[in-house]
Every structure is written in C-alpha cells, then in structure tokens.
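Here is a friendly tour of a protein model with several chains. Have a look at the sequence and the picture, and then read on.

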Amino acid sequence: MSDNIYLPQLARVAYIKEEVVGERSIKTFRVEAVDGKLFDHECGQCAMLSIFGRGESMISIASSPLIKEYKQFSIMRVGKVSSAFHELEVGDVIGIRGPYGNNFPVDDWRGKNLVFIGGGCGLAPIWPVITTAVAQRNDFKNITVFYGGRSPRDIMYRTELEKLRGSADVHLSVDKAEEGWDAFCGFVPANVMDKAPNPGNAIAITCGPPIMIKFVIQNLREIGFKDEQIYTTIENKMKCGLGKCGRCNVGKDYVCVKGPVYSWAELKDLPAEY
Amino acid sequence: MEKILDKKQIDGWVAALTEHPQGVGRGCNAAEAATTTLWEVHTPALDEGIWTYQPANGTARLDHPNTKQSPKEFAFPQREIFFSFEQIKGEAPRLTQIVPKEQRHAVFGVRPCDGRGVPRMDKVFTDHIEDKYYTSRRKNIAYVGLACNKPPSPNCFCLSVGGSPVSSDGLDVQMTDLGDRYFVKAITETGKAMMAAGGKLFADPSAADQKLLKKTHDDAVAYPQRKINDPDGAPAKLRANFDSPLWQEMAQACIGCGICTFLCPTCHCFDINDEVHNKAPLSGQRVRTWDNCQFPDFTMHSSGHNPREGTGARLRQRVNHKFQYFHENFGMHQCTGCGRCVSECPVGIDIVTVVNKVTEHVG
Amino acid sequence: MINIQDIRDTARDMLAKGEARMVIGYRRGTRGMLAEPAFITDPAQADDLVWDPTCFNNLSLYLVHDKKFLAHMRENPKGPVAVVAKGCDARSIVVLLQEHYFKREDVYILGVSCEGAGVVDERKLAPLLNGERPSAAAFDGDDFVFTTAAGEKRLAAREVMADRCLECRAPYPKEHNLVFGEDKTGRQLEAPFAALERFEAQDAGQRWDAWSQHFDRCMRCFACRSVCPMCYCDECVVDSITFPVTAGTTAEEKATRIKWIERSATRSENITYLMTRAMHLAGRCTDCGECERACPVNVPIRMLNNKMEREAREKFGFEPGASIGGPSLVATFLDSDPGQFIR
C-alpha cells in the first residue's frame, strides 16, 4: 500500500544533549534518515515521532528548514513517550512522519523587526525562526530574543543563545534571584515589560507555558503591539496529525492541520479549548 | 435500473452474488474463487436480542428495525492494525504493513440514515489527505439499502437533518418493501452490476408497482418523526451559545460512556496505540481503535491539563461537531438522524432535545 | 402504593427550607416512556418528579459524581443532597458509607419501596407490544400499564420485569431518612439467583460458548463501569483511560504505569476487563443491575456479579449493603470464616 499516511520513516538518533536536568528535564535530539532523506519542513511545523512499542508523540521541529542533514527536537520529559525518548542512546532508531501543521509566515516578515519571547521548553518551537532569521540576517531588521526559565539550570540552548549575541539582542531571565545570575530576575512577561520592545514594524512571536503566553500577550498589547502583530503556537493532544482522529480541534479546525501557529487576531476569536 | 424482486427470491439474489459468476456455484475450487470478485454478503440478523450484520446464510430477512450498531464498521472497523514491528535494541526495526484484504462486501438492509453516513465518513477520511486503510476497504463495499416505510425507531429524525426515510444517498442499491415483493433500484454502476448478477430473479416493474412505490415513499415521508426545530439555524446558534450554562445542565446526568459515539454511523474519532507482544526482542503492532470524545481523558494532555474538563464541554463537543463544525467545514450536518444515541443512552441524553434547547436559547 | 405527590411535596419543602441543596430523582425524559435522572435545586421544579416502572437508574451514582466534583473544586458540601433510592440503590449508598466515600449526614435518603414490583426490562417488553411504542408506563397493583398509540396495554409485572427485580430479596430501602411505600419484602416472584441457576444448568462447553460470544460482542464502551456507583475509583486498574493525572503526577509515574489490557476490544482484553470488574465488585455490588441494562450489546454482566454474590452468601452468609456498621466481605475477618489460610 503506497502513501500509507500512518507508516513512519525510520530515523537514527545522531546526537543527544541534556539541556536541563531534574524533575522537568529536557533533552535535545538530532535525527537523520536511515535510508534516503527526511522530508523538508517550514518553521513552526511538527513531526510525529515514534518509539516502537511505546507510541507516538507530536513534537515541534526545532531545527531551521535550512538544515537538511538532520531534524532537531527538544523534548521535555512529561509522559510515557517522552520518557522513552529520554532513555534513547545515540544510534537508536525511531520512527518519524510529517511534516504536520502550518508554519510561521517568515517570508512575510522580511524587512521587519522580530521579537521572540520564549519560556521553558517553549524556545524549541520558535528556535527554527530565530536561527533562520539569524542565518539570513540581512533580510530582517532588529532581532530581539527574550527567554526565561525557572532557574539558571532550567535555561535550554544556553550556549546557542550566547552565540546569538552580536546578531540579536538577547534578554535572559530566571523566575527567582540566585547567586551568580546577573541578568533579569522575574517572570518572562515582566522582562518584556521592562525592556518594552518597540512595536513599530515589528512582529512578536511567543511560546511557552499557557500562563506565560497569556501575560506576555497582555503586556505586548499594553506596549502597543496589535493583535495581528502577535504570533503564538498552541498544542492539543494528537494521535494522527492528519485531521482525522478527531481530538485536537479548536472549533471547526484541527490544530494538527490548521495550527499550531496562530496570530492573536485569529486565536482570540476561537473557543479556548486548548 | 429498476426491477421487482419477489421476497422469496432474496436468498437467490444473495446466492448469485456469492457464487462463481460462471455458474460453478459454491462448489468452485479455491483457485477459481481467489481470482474472481465474489461478494461476501452481510444481512441483518437477530443475535442475543440485538440486530447485527451477519454473514448471509440463506435465511435473509429484511424485517429488522435498524441494526444496533451502524454499518460503519465495514469500512472503519473498531480495530485496524496499521503495521507490525520487530526491533532489536540499537538496530533499525522491521516494519510490516498490514493491508486490508481485497474482499468485496455487500451490506444488505442498510437504512437510509446509515446510507447517508457513508459520504460523511468518506469526507473525513479523504479530505485533506487520503486514509488508505479506509479507502481500500471502502472501495470494496456495496451498500444495499432498505427504505423505511415507517420509522424503525421512535427516536428517528432523519427528516430534520436533510435526510429522508427513502433517501438513496450513499447507497449502491435501494430496495423498498412493497408487501410481498421489493422494488429494487440501482443507484450506482456497482449496484447495476449486482442486479445484473441476479439475472432472471428480477422482473420489470409494472405501472401498478411504480404507483405503489410512489405511495409507499410518500407515506414514509409523511410519517411523523421526532423533530429538530431549526436545523438550518443550528450552526450559528451553537456557535453563539458556546459558553452557555445550558451545556453543563444538560450533561449533568452524563456518565461518560462510549455508547453514543460507538453506535453512531458518523463518529470517526480514533486512538492509535502500540500493542507489545514481546519486550525483548521487541515485537508488536501499531493499532487503531475507535475512541470517544465523551471519555474524560480523550483530550487530556500529558501534563494533566484537559481542555474539555467536564461533561458539559464534552457533550458540547459531540453536538457541535455534528451540527456546527462539520457543517462549517462541509456544508452539511454530520448527524443523519438515526436516533441510536438517543435510544441507547442509559441516562436519557437526547440530541434532539439538546439541539432544540440550545437553538431556542436566547443568550 | 406510592403517591408521587408525596415525594414531590417532600422535595419542594426540603429545597425551600434549605434542608437539601439538591434533590436527585426521576423525571419524564424526552425520548419515549423512559424516566431520566433529574437534578432539582429549584423548589418550583419539584413537580417534575415521577415514579414509575421506568425509574431504572441507580441515582447513588450521582452522589459519587457530586463528591468528585466538590473534590475537584476543593469545596466542602454545603448541606446534604437528597436522593430517591430504591431498595438496591439504598444498599449501594450503604456500601459507599461503609467505605467512607462520604458521610451519612451528606446524604438524605428518600427511600422508595418497590413493594414487590420493580422496573421493566425493555428487552422483555418489546416483543409483547407487537411493535407498538409505549409513551408511558405506570404501576397498578401487580400489573404494569403501558400507554401506546393503540391504547392502554396491561401486562402482569412478572412478565416484563427485569430479572434483578424478579429475584430481589430486599425491595425495601431499610436505610433511609424518609421512606415512601410499604415494606413488602418477601414477595419476590422468583428465587434468588434464578437466572444464574438456569444458566449454570448447562454444561461447561455450552457455558464457555455462550460467554465467548458475550465477550466477543463487548465493544468496551465502558457503560457498565460508568453507570455503576461502585466503580468510583479515580484510577481503574483494568483500562488505560481512567488514570488521574494532576500537575503533581511525575513523568516517572506516567511512564511506569502498568497497562494491564489493550484498548482493542478483543476477547482476551474484554475478558480481563469484565472478570476483573466482577472481582472488584464482590461484596460491594448490590444487584441494581444497571450494568446489564446499560450494555448496548446485551452482555449479561449481572450474571458475573450475581455469581460472586452467591459465592459470598454461601461461604460467609454475606449480604452486601445490609447495614452501615456491618462487615465488609474482603476487609473483615471472622473466626467462623471457612478455610484455614488466614489463621
């Protein structure tokens, strides 16, 4: 049976990095095709990853579409399948199918200022946009990145974030003050309010825990961002990724097909079933 | 093609469909049978007090009210194995697709509501991207319908949702009971071929047959049914009343079981799980099973967060899916008015009443 | 003979005086003759209450729902809930009280005696009405009277009553705050476990064949479990869908949870589900029969529970839900217990 939409392609784990350890641990994985090549994707799209015998999980692709050799995923350990991911070793083979969902309209944003606001594991879904914009630096005006974690140990992509400096303004934060941390202390929305990025010719892209997103959007609007200048992603439980299994809908649309990327102008009119 | 079939000939027609086309009959050898496209025929039969589709055994009686379960299981079985896997730790797994068997199935006695369920399921499984497990089964199924001379259930409401007790939508053949004989009409090319297989068992209809058919159909449509008062206004009203406290009130008795959705001819939600047969070396199967939006964990995230926490939100999802979301996506109600969810709910939740209450609610 | 107006008056008074925050009873449904659960908080709606042979539901289920809702909202009950309870339903409440699921003062039992009659079995009724659809049902002495388009149809109660009612040993709700109807215990129409014994008269091969077919029919819609007041566990051992996950549940707990059965509704998984459920209901099931009535594919689930009930009765003289202070089948040990393993 050709075009079996449920049959995953095989991918080998080529690289694993422990980003965050402890109760809410995050690991980054890079996977390569076992045979041939993997699919192309756009910024913001997701893939359904499987560990055979444990199940499938929808994970956003954290690498730039410009990188063809591998796909990167940063996965927080929360449940059955993500725990199985954390047990993987380099060389192990998993299943992958995709890409699923819509994407950030990056091409429409050329010539604009980009403001990224991430929290916790929410840096991963916007990371492809950040790295694409930095790789094509001349196409964009100012690039600003806000990112925060609970503590310095919860900051993911630490090295990569430091490397962004020079190409982007990077504003890190931790929730509570701690010895040795000299950047902002407080929640991410407060850091955004503190630095008050200029809404002129700008797009704000935010991802993180729902409560953070809520206050980030509230603060961005206060600073002067319009609803259509604010983009975020939403997630729901998914099984098929193809708009058939019927569980990720928000109103008439399935998030796996019409999402995960929404402007606040679109999202605010939808029922809050996510 | 329109024909008359004497009721006593129904088994003869079934036999013609299941037998070797060259007339070898059931005695044809296995090799011959494998190369021909014979039909496996299913007819409603009473088993343990419930009407179910059973393999035809020469005693077909199309006097059933409606089957307990809809015929959706033929194209969308409750359990579908996608593939099997075998994997030694650190090595690439071997995946083996499980492809549905190429076997033609003729389902007899399909009521018009269930017939109308078919194109709705087709939309779900072919829109955006084709689900080949569904389509490879679907292309081998023919639905031989039976018009409802009177509503088979006190909770029928097909007329409220754009259907009719004599609708042929989704069917390959439509039969109408005219007392001692059936009026049989081919709806599709497949239906014509099936009737042709019956050959001389069929007679041409007389003018009196045509007249009786018209009267039977007219009477069927005139027979009183349950009624949704404003089906056309439902999508907009449901959208407007999304946050109404009515939902929780109407769902207070809901026990969160799967009867309504499992019996529904158009509910298509499913789950996908890995069933492990052996841990090391790993072997097992990836399996699709029916799922149900009324189960509490249906939408629960791994974190424990549940966007549809209460029975009210879950009832709203079921009703809105049928009467708003599907309509917004495909321009038709997903519900076909079979009334199963109403009759079978252990606690009396009644989709007709629910839609009427919400659409009549001024909020 | 119960006068429904007495129940309505009581409900209205209790709500008006604030003696109950809600009355759970039965009202006329919208889909034919069947009654449905009613949740009444407004005294003006007390007149919606009905009492007839279609009042199937074991409403103690909703005491469990109420308790779960309050726990979820982190609230304490503000006054008791009054609930209409038949003999079997009241015994369910007793079991819930024995298990300290809620406190006695949280529930006000409006007992209704079945007075030797009981609820109708729709599956028995259908063939006796020749295709006519009843719109109402009523008690009338030893008969049930059904209203159909063709007029009234009177049938002897014993012809159309559910097996659970025919065999009921305790149709009178002994545990109650208030009771309607007379105690006519002892008027049971069939011997206890009669349906079970009829089945057991078959040989092992016939019984296996019958149950194999029953297990194969099960779709695992979980209606039997969902309708059962005793199946209140937050985490159900026999399936993967009832698992409480809170913000505090660790990834470890989620990842290492044992999956006893698969979601596929295949015979092996269905057997494990239904048999485990029967074991867990031993000594707790009060034979309200709701699991069997709710089953859309006619699996005789009650028979499994009945078998356990009879074992407990024969071995230990145990009657489930007999009294709040009474023993528990699996948690009480007596010197007189048969078998030596515990000594």
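Predicted model: local features only at pLDDT ≥ 70, side-chain atom pairs only at ≥ 80, totals over all residues.

Residues are numbered from 1 along each chain as its sequence is written, while chains are lettered from A and ligands numbered from 1 in the order in which they are written.

**Chain A as a whole**

- Chain A has 7 helices and 15 strands; helices (H or I, at least four residues) and strands (E, at least two) are DSSP runs, numbered from the N terminus.
- Chain A is as compact as a globular protein of its length, because its radius of gyration is 18 Å, close to the 19 Å that the globule rule gives for 274 residues. That radius is taken over C-alpha atoms, and the rule is 2.2 Å times the number of residues to the power 0.38.
- Along the principal axes, the C-alpha atoms of chain A fill a box of roughly 55 × 45 × 35 Å.
- In chain A, 55% of the 274 residues count as buried. Buried means that 20 or more other C-beta atoms, placed from the backbone, lie within 10 Å of the residue's own; exposed means 12 or fewer, and partly exposed is in between.
- Of the contacts in chain A with a separation of 6 or more, 71% are between residues 24 or more positions apart. Two residues are in contact if their C-beta atoms, placed from the backbone, lie within 7 Å.

**Strand β2 of chain A and its partners**

- Strand β2(A) (residues 26-33) is mostly covered, with 6 of its 8 residues buried.
- β1(A) (residues 9-20) runs antiparallel to β2(A), and 8 bridges join them; strands pair if DSSP finds at least two bridges between them.
- A:I16 stands opposite A:F29 in this pair.
- The hairpin of β1(A) and β2(A) has 5 residues between the strands, and A:G22 takes a positive phi near 100° there.
- β2(A) also pairs with β5(A) (residues 71-76), in the antiparallel sense over 6 bridges. Here A:V31 has A:K71 as its bridge partner.

**Chain B as a whole**

- Chain B comes to 12 helices and 12 strands.
- For the 363 residues of chain B, a compact globule would have a radius of gyration near 21 Å, and the 23 Å of chain B agrees with that.
- The C-alpha trace of chain B spans about 65 × 60 × 40 Å along its principal axes, and 50% of the residues of chain B count as buried.

**A sheet in chain B**

- Four strands form an open antiparallel sheet in the order β5-β4-β12-β11 (chain B).
- β5 and β11 of chain B are the edge strands, each pairing on one side only.
- β4(B) and β5(B) are joined by 4 bridges in the antiparallel sense, and B:F83 stands opposite B:Q97 in β5(B).

**Where chain B meets chain A**

- This contact takes 41 residues from chain B and 36 residues from chain A.
- On the chain B side, β11(B) supplies the largest share, 6 residues.
- That side of chain B has 21 nonpolar, 13 polar and 7 charged residues. Ala, Val, Leu, Ile, Met, Phe, Trp, Tyr, Cys and Pro count as nonpolar, Asp, Glu, Lys and Arg as charged, and the others, Gly among them, as polar.

**A sheet and helices in chain C**

- An open sheet of 5 strands with mixed pairing has the order β2-β1-β3-β4-β8 (chain C).
- β2 (35-40) and β8 (178-180) of chain C each have a single partner strand, so one side of each is left without a neighbour in the sheet.
- β1(C) (residues 22-28) and β2(C) run antiparallel, joined by 6 bridges, and C:I24 stands opposite C:F39 in β2(C).
- Helix α3(C) (residues 87-98) lies across β3 and β4 of chain C, at about 155° to β4(C). Axes are lines fitted to C-alpha atoms, for helices over the stretch in contact, and angles run from 0 to 180 degrees between N-to-C directions.

**Nonpolar cores**

- Which residues touch the most other members of the largest nonpolar core? They are A:A204 and C:V83, in a core of 219 residues. Such a core is a set of buried Ala, Val, Leu, Ile, Met, Phe, Trp, Tyr and Cys residues joined through C-beta atoms within 7 Å.
- α3(C) gives the most to this core, with 6 residues.
- Apart from it lies another core of 43 residues, including B:I10 and B:F74.
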